Amino acid sequence: MVGRDVVDRRIGELLGGEPCGGCALLVEGPVGVGRTAVLRAIADRAAQRGHAVLSATGSRAERTVPLGFARQLAPRRSPDPVTPEDRVLRFASLAGDVVEQAGGADSRLMLVLDDLQLADPESLEFVLFLLRRIPARQVVLVAALQTPVPAAADSVAFVAELSRTLRVERLRIDRFSPDEVREHLAARLGAERAAELAGRAVALSGGSPLLLDALVEDNVRGAAPALEGYARAVAGGIHRGGPVVTEVAAALAVLGHFCSAPADSVTEIARVAQVGREAAEVSLQTLAQAGLPAEPRFPDAAVRDAVLDRVDPARRADMHLAAAGVAHESGRPATVVVDHLLAAADRCRPGAPWAVDALVEAADRAVLDDEPEHAARCLQVARHHGAAERAASLAARLAAVLWRVRPLAALPPLDEALRRGAGDHDAAEAVRQLAWHGRMAEATALLADLARRAELDTPTLSALETWARHRAPGAIAVPRQPWAGRARETRVRPETDPWLQSAALLADALEHGTPGHVVTHAEIVLRDVRHGRGSTWSEEAMVLALEVLARAGRAADALARGEQLLAEGQPVTGQARTAAVLAAIALEQGDLAAATRWAADALRVLPVAAWGIEVGAPLGVLVDALVGTGRLDEAARWLVSTVPAAMDVGLAGLRYRLGRARFRMATGHPAAALADFTECGAMLTRWGRDVAGESVAWRLGTATARLQLGESAEARRIAHELVSTRDPRTRASALRVLAAASAAERRIGMLTEALELFESAGDIVGQAFVLSDLSEAYRAAEEIRTARLTSRRALHLARVASVAPLVRELEHVSGADQSDTDGPGTVASALSDSERRVAGLAVRGYSNREIGARLFITPSTVEQHLTRVYRKLGVRRRRDLPPDLWAEVNRAS
């Protein structure tokens, strides 16, 4: 036996030479040190020297079976359970069977008793009975006993009585020393590998042969660093220590699962294990003597998991619940308390408000840390611990958190909160979610109930009504106290959520077509929104702030800030809504590719079914953008998505109808498109929302549809109404319609002005379409060369903007053959590098200010470069520049 020189020598002394009868050898030691191996070695040597060896092994499973241990000494005998009256007779009969099994009364007998501490009491009495009836010189007893042994254990009394019959000698088996560990490793793995692993093996095994063998096996198999075999060996060693040791070890693993500090008192460990303090002390001593790595609190995660895997899940949950109470009473960090409560799941502590408070606080912190799923889990567990009077509030909180990531999952707790009677401020959140899901009857009833009870402070109610009116003007009445009409000092109360106030202010400005008045506030909202994650209304304010910037002529700023917000990270719903707003802004700016990308992202992040009535916004924008880029099949597939009937009560329904109308126009159904456009106008009229910015789209669509239907006079009338607008993009679009409905000789002037307006707005798509129309107008006026140049420029911009239908149309008209174009570099060969860069960006559609910003020169310098370019190329104005100059700017850069 490697590392057991002293033991090996003593065995030889006992069994060699003179007879050793009349003695008892107790092999003692902790779990996993090789007691059984020592007993086998003794038994083998005794058998070689002519002893009759009879053996028995204690088992926890048979600890309560009378004579279950003793029957192993005479396996051919199967005695029935005995009664006190005939025990002596039964013992005598069984003793005779044992002697017969040994070969007769003259045989030298060795009894090998393993795990004596697990033998049943009747068997221990029988062994003593047997020894008193066999001559001492003919018997040797060898027993293995696990230490430490509780003072009240049956085996303690047995050993005391045994010493009256035989000479008792104790042989202590301890863990390997570091030198013995190296010797053991060398015998198994070779000297070189042993030298490499010795230090780590000593640290992990503590000299335990059981753990050392597991480490060797892991090394031989090439196991991962998790040391699975080693972890299982630790768990197995603990199990062999007995049920109390197993419970105490599991308690240590539970306590160490979320906190590495080793300062638990024995009393705390006993509470979690639900054992007595003395039993906990003995168990800790057992673990320490066995070298099992239980302190501090099983530092290795794989070992902790292996220990806890052997514990029944319900029992493990109860331990975590007890650990939460210990952590709370000991003043441990709140995170430790919460982690234990979460691990306990639905095992609750009735009458423990501290548990609910800790979980709610943890949920609030998780929301601030952008961890809504963790917040939802905290609140779900809190509902198991909370008293009935807190059920409505907890359900409302859970619904608000779930809405951030899975709006449909928020419906059950929302319904429970409403059923139980949510408080006034929870009811405000309920109105928001009911409106989102299109449950407008319930939302309006709840608003009316809040107003009737007059329990919600007036500014909060006014802000809530103002916001709801903006989101669903088709279902929510005009606020009783309009936000715009309230004095500043009456809008703000300490109890009013400031983010709801911001949402109301921005919504009111959009409602009345005055976004320019609140631009500064919108900028503040977008700057500080990351600090408002604790309020569900911060997301509403953020979305409205982006819309305000875009409506106030700050679309580029809105896009930049929106992209920054997405890069910073948001919950699922906020991310999807931000992408949807960016898509709408990009579409209005004529950036079809960006609009398609953002809208598709919005619907990927949040599925169609989860959007509620707001689905019309990203869906309508996506269809519109897909139509613009000629991807009609994709647009058709999106249009078959199921949308809620209640969608038409809000602006999202309006956006959806506009997208569908454009699809119908593109697929040759102008009458159906006109019906959609007309209904959009009717909806806005009913809502009293026919304000600039919201009325333009349907009016332009109506004019275009009537133009396709041959109703030129009506198209001209609508276009004339829109031409007077101050927005350059709207005026340009109206001029284009007006030109199409006017006599040929008037078209060039109108289209030229429209082109300049689109250029000033940076709308490449608008420029491409106007240039296409202008090319046709020049062709009709027989200005063929100008028509060709204009057509080439339109084709170039259409390709840049990915407007596939227009590209195909222009390629068909011009043939798109390269023979009609100048070779690379010949058009601008007379230009300097600086002039080519400026001219190329001018062809791309950038204004002088934008060109200057990109090239780091002043607008006046840009104008000077363009003047020289016009002179060298023989053109008079920007629109006459050859489109091939864009290739020149690429080469120059």
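How much space lies in the largest cavity? The largest cavity holds about 220 Å³. A cavity is here a set of points, on a 1 Å grid over the protein atoms alone, where a 1.4 Å probe fits but cannot get out; its volume is the space filled by probe spheres set on the points, which are joined across faces, edges and corners. The model is predicted, so that local features need pLDDT of at least 70 and side-chain atom pairs count only at pLDDT 80 or more, while totals for chains, interfaces and linings use all residues. Residues are numbered from 1 along each chain as its sequence is written, and side-chain values use heavy atoms, with hydrogens and water left out.

Seven cavities of 30 Å³ or more are counted by this rule. The largest is lined by 17 residues, lining residues being those with an atom within 4 Å of a point. Closest to its centre are V529, R533, S538, Q570 and P571. Two helices (DSSP runs of H or I, at least four residues, numbered from the N terminus), α26 (537-551) and α27 (555-568), each supply at least two lining residues; α26 gives the most, with three. The lining comprises five nonpolar, six polar and six charged residues, where Asp, Glu, Lys and Arg count as charged, Ala, Val, Leu, Ile, Met, Phe, Trp, Tyr, Cys and Pro as nonpolar, and the others, Gly among them, as polar.

The second largest cavity contains about 80 Å³ of space. Among the residues that line it are W403, W436, W467, R471 and E540. Two or more lining residues come from each of α20 (424-436) and α22 (458-471), and α20 provides the largest share, three residues. This lining has six nonpolar and five charged residues, but no polar ones.

Terms used: On a 1 Å grid over the protein atoms alone, a cavity is a set of points where a 1.4 Å probe fits but cannot get out, and a pocket is an open set with protein on both sides within 12 Å along at least five of seven lines; lining residues have an atom within 4 Å of a point.
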